[in-house]
Amino acid sequence: MLRFNHRVIRLLVPLLLLSMVLAACPAPAAAPAAEAPAASAPAGDASWWATAAAPYKGVTIRGVSESTPPSNYVKDVLAAQFTEATGITVEFETTSWDQMYDKAIKDMEAATGIYDFVYIEQDIIYAYLANDYLVDITQSLKDKPELKSADFDESKFTTFINYFKNADGDVFGVPMEAFVKVYLYRKDLFGDADAQAKFKEKYGRDLVPATTHAEYQEIADFFTEWGAGKDIWGTTVQGHTGHPASFYEFFESVAPTFGVYNWGINMENWKASEANGGTMNSAKAKAALNYWVGLLADAPPEATSSTWDEVGATFAAGRAAQGLVYGENAAWIATDPDKSKVVGNVGVALPPLEEGVMAEAEAGTGYIGYYDGGAFGIPHSSKNKEATLLWLQFIGQESVQADWAAAGSRVVMASTYDDPKIVEQDSKTDGYYTLLKDQGKLFAGAPPFPFHAAIREVIAPFIYQAIAGEITPDEALDQAAAAVDAELPKLGYGE
Amino acid sequence: MRSNRMGWGLLTPTLLILGITGLLPFFYVIYVGFHDWNIFATTGMTFSWANNYRRLVFDNDFLLSLWNTAKFTVWAVGSELVLGFVLAQTLTRDFWGKTFFRTIHSLPLMVAPIAVGAVWRLLNIPGFGPVPYFLDKWFGFEYLIGKYAGQAFATTVLMDIWHWTPFVTLTMLAGLTTLPKEPMEQAVVDGANRWQIFRHLTLPMMMPVILTTLFIRIMDALRIVDEVYMLTGGGPGAATRYIGLHIYRIVFPKTDYGYGSAMSLLTLYLTTVLCWLLFVGLAQNSKQKDGAA
C-alpha cells in the first residue's frame, strides 16, 4: 500500500498550481519577420498577396458576423481563397444577429482579443466609433504601405462607405454588404386574371403595386380574402413580439414612409415626445403605427413570431402577396428553386409613401426606407492586425464583388452594377439592382445614435405590447416617447 | 493535524479557481451595482450609491418579470413534482417495456437548454410548425404563441415540464427504491388501503427527497433563460419575460451594466431567501422525523 510522503505533496501542490497558471497564459504572438516586401503590386497580382502575407503565414485570424447570405459567402468562398493566396487561415463564425452583437461588443469592451475582425452593421458604427473600439484602417495602411494592396481602392466603393468613416474621412470598416429593404410583390398574383377582375370590380382601379398606404391596405385586404383557403395572405409583417425585428421594421421602414425620421428623436435637444420637440408620438407616427399594426389582420399567423428571416421564408413559401423584405434575401427568393417557391414571380418596387415624403427624400431632408448593410472592422484588441488588414483588403477587392453580389444580392461598389452576372440577375429579380443603383439615394441608414442599442431596448417593449394588443398604438408611442425622454439624459444626451 | 494540512493543500487549487471565477466576479458585480454604467453613455461609470436598488423597487417591468417568474415556477415545478412522482411510482413496478420507457423518458435531460428552445420553437412557430398546423386542422384551435400571452406562457411551462420531469422522476425513483418495505407491509396487514399508505407512510418518508428536488427545481426555474429566449424572446409583450431573460436584456442588448448588476444581486437575494425557507422546512422535517423515531 502506498503511503503519502508529505514532502512530496508539499512539492507537488505548488508545481500543480504553477502548471495551471502557465496553461492559462496566452501563447506569445509570433513576431513578424524583419524583412517587408517592396512596393504594392499591380491589381490582380496573386504573387503580391503571397509576398505581403509572408510574415504572417500560418497565422489564424478570427471573425464573427451574422449568418446571412453575404456573410456565408465570405465564410464558404472568400475565406478559402484568401487562405490559398496568403497562407493565413480565416476562422469565421457566423451566428444569430443577437449573438453576433453580444460576442463582438463583449470582446471589444473587455479587450479580450478573441476576434480579429467583427461585423459592424451600419446602425451600430456610431456606437463603436464613440467608444473607440475600432482600428483606423486608412491610417494603418498609411503607416504600413507594404501592406497596401493596389487592388484595394476606397474610392471605388459606393457612398455607403461614408457611414464607416470618421469626421476626418478615415475608414474604420470595409463595406461587405449593402442593400435596401424593398417592397416585394407577387407578379403572378398581381397578374392573375381572376384577381385583377375582382380587384377592379371591388376598388374601381387596376391591381398594380401600391404607391400609397391606402392602396397597400386595399391590396392586402383583397388578397387575404382572395387567398383564403389557399394559404395566401395580403402582406408580410415583421412583427415578432419579443425580438427587436419588429421595432426595426416599424422605425426604419414604415415610420419614414409617413414622414417620421430618425425614430422621431429630435437630434438638437435629444427629445422624443412631441411636447418636447420630438416626433415619436406625433400624429404622423401614430398614424404609421396604427397602419402597421392594422396590417397584422392581413398577415399570415407567423407574423407575430417573425423576424427578418421568417419574413423572407414566408414570402419565399408563397404565403404573402406583398411585403417589405430585406434586399439581401431578394436574390435567392427570386432565383433559387431549392429555397423558394416563387422563383420568377417576384416583383420589386419602391415602398408606398404618404404625400410629401418623396419630395423630402429627393430634397435630402427625409428618406423613404432603410439602407441596410455592414462592414468588417478590426478591434483595437485584435492580436493579428496586420494579417487582418490584408484580409479586409482582400474582400474589398473589385475582382471579388460580382460573384459575391450574385450570391448575396448586395452591392458595395459602383462597378458591380455593370458586371454581366449582376446584369443577368437584375433581369431575374425584376430590376432590384437597377432600383438599388438609381433609387438607393432615397433610402438612408440608421440615424447616427451612439446610444442606438440602449434606446432600442427602451422603445421595443412598447412596440411588442402594441402588436400583442395589450396597449393601443397611440398609447405605445406616448409611453415610448416618455421613456426615451427619461432615459436619454441618463446616457448623457440632453437634459 | 498533518491530515488537515494535506487536505487543505489538495483543496487549494480548486478553491483558487473558485475564488477567481466565482467570488471575484461576484464582488465585482456588487461594486458595479452601486454605479450608473452604460458603456454607450457619455457619462462613463459614476458612483450612484443605492440609486439602482431604489429604482428597482419602483420598476414595473422588473416587478412584472418577478411575478411572471413566480407564476412560471409554481406551475412548472408543481406539475413536474406531481408528474415526476407518479412516473416514479409507476417505474417501481414491473411492466413490459419499462427499461425502454425509462431510457426514452430520460433523453430530454441530455439536450442542452438552448437546443430545447430551438426545437420547441420549430414545433410551435405559427405557419411553419406542426403543432399549430394540426391543432388548427383537427380541432379548429388557433394556437399563436406570438400573439396570445396565455398560450405563450403555457407553452413555456410545458416545455420546462418536458425537459425537467425526467430529473424529478429519477430522483423520486431513487428515493422510492430506498424506502423500507416493512412499514408498508405492516400497514397492509393492519388493513390500510393504498391511499392511507401513501398519505401516512410513503409521503412523509419521501419528504426529504421531495423537498430537495423542489429546492433544486425552484432554483433552476428561477434562472430560466435559454429555452424561453429561443421560444418566445420574452413575448408577446412581456408575458414570458422572466427575470433571467429580463436581466439578460438589460445587461447585454441594453448594455446597462450598473442597473443589471443591481437587478442580478437583488434577484440572487430573493432566491437565497426562498431557498433558505425551503432549507429550514427541510431541516424542520428532518428534526420531526428524528424526534418521532
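**Close-up views of a predicted two-chain model**

Among contacts in chain B between residues at least 6 apart in sequence, 71% join residues at least 24 apart; two residues are in contact if their C-beta atoms, placed from the backbone, lie within 7 Å. This is a predicted model, in which local features need pLDDT of at least 70 and side-chain atom pairs count only at pLDDT 80 or more, while totals for chains, interfaces and linings use all residues. Residues are numbered from 1 along each chain as its sequence is written, and chains are lettered from A and ligands numbered from 1 in the order in which they are written.

**Figure 1. Overview of chain B.** Twelve helices and two strands make up the secondary structure of chain B; helices (H or I, at least four residues) and strands (E, at least two) are DSSP runs, numbered from the N terminus. Their order along the sequence is α-β-β-α-α-α-α-α-α-α-α-α-α-α. Along the principal axes, the C-alpha atoms of chain B fill a box of roughly 80 × 75 × 35 Å. Of the 293 residues in chain B, 33% are buried. A residue is buried if 20 or more other C-beta atoms lie within 10 Å of its own, exposed if 12 or fewer, and partly exposed in between, with C-beta atoms placed from the backbone.

**Figure 2. The nonpolar cores.** A nonpolar core is a set of buried Ala, Val, Leu, Ile, Met, Phe, Trp, Tyr and Cys residues joined through C-beta atoms within 7 Å. The largest core holds 195 residues, of which Ile88(A), Trp391(A) and Ile463(A) touch the most other members. Helix α19 (residues 452–468) of chain A supplies the largest share of this core, eleven residues. At least three residues of this core come from each of domain 1 (46–177 + 372–427) and domain 2 (180–371 + 431–490) of chain A. A second, separate core has eight residues, including Phe85(B), Ala88(B), Val168(B) and Val209(B). Beyond its neighbours within four places in sequence, Ile463(A) is in contact with Ser246(A), Phe247(A), Phe250(A) and Ala476(A).

Figure 3. Chain A is divided into domain 1 and domain 2, with bounds that come from an automatic or database domain assignment. Taken over C-alpha atoms, the centres of domain 1 and domain 2 of chain A are separated by 30 Å. Domain 1 of chain A gives 21 residues to the contact and domain 2 of chain A gives 24 residues. On the side of domain 1 that touches domain 2, the elements giving two or more residues are α3 (69–86), α5 (125–130), β7 (371–377) and α17 (420–428) of chain A. The residues of that side comprise ten nonpolar, six polar and five charged. In this grouping Ala, Val, Leu, Ile, Met, Phe, Trp, Tyr, Cys and Pro count as nonpolar, Asp, Glu, Lys and Arg as charged, and the others, Gly among them, as polar.

**Figure 4. The contact between chain A and chain B.** Here 36 residues of chain A meet 35 residues of chain B. On the side of chain A, two or more residues come from each of α1 (6–24), α4 (97–110), α5 and α19 of chain A. The largest share of this side, seven residues, comes from α19(A). The side of chain A that touches chain B has 18 nonpolar, eleven polar and seven charged residues.

**Figure 5. Helix α3 of chain A.** From its first C-alpha to its last, the 18 residues of α3(A) reach 25 Å, close to the 26 Å expected at 1.5 Å a residue; the expected span is 1.5 Å times one less than the number of residues. At Leu78(A), α3(A) bends by about 35°, the bend being the angle between axes fitted to the seven residues ending there and the seven starting there. Buried residues of α3(A) include Tyr73(A), Val74(A), Leu78(A) and Phe82(A). Gly87(A), with a positive phi near 80°, follows α3(A).

**Figure 6. Backbone details in loops.** Most residues other than glycine have a negative phi, and most peptide bonds are trans. Asn262(A), in the loop between α10 (245–254) and α11 (283–294) of chain A, has a positive phi near 55°. Asn262(A) counts as buried because 21 other C-beta atoms lie within 10 Å. Thr255(B), in the loop between α11 and α12 of chain B, likewise has a positive phi, near 55°. Thr255(B) is buried, with 22 other C-beta atoms within 10 Å. Gly235(B) and Pro236(B) are joined by a cis peptide bond, with omega about -5°.
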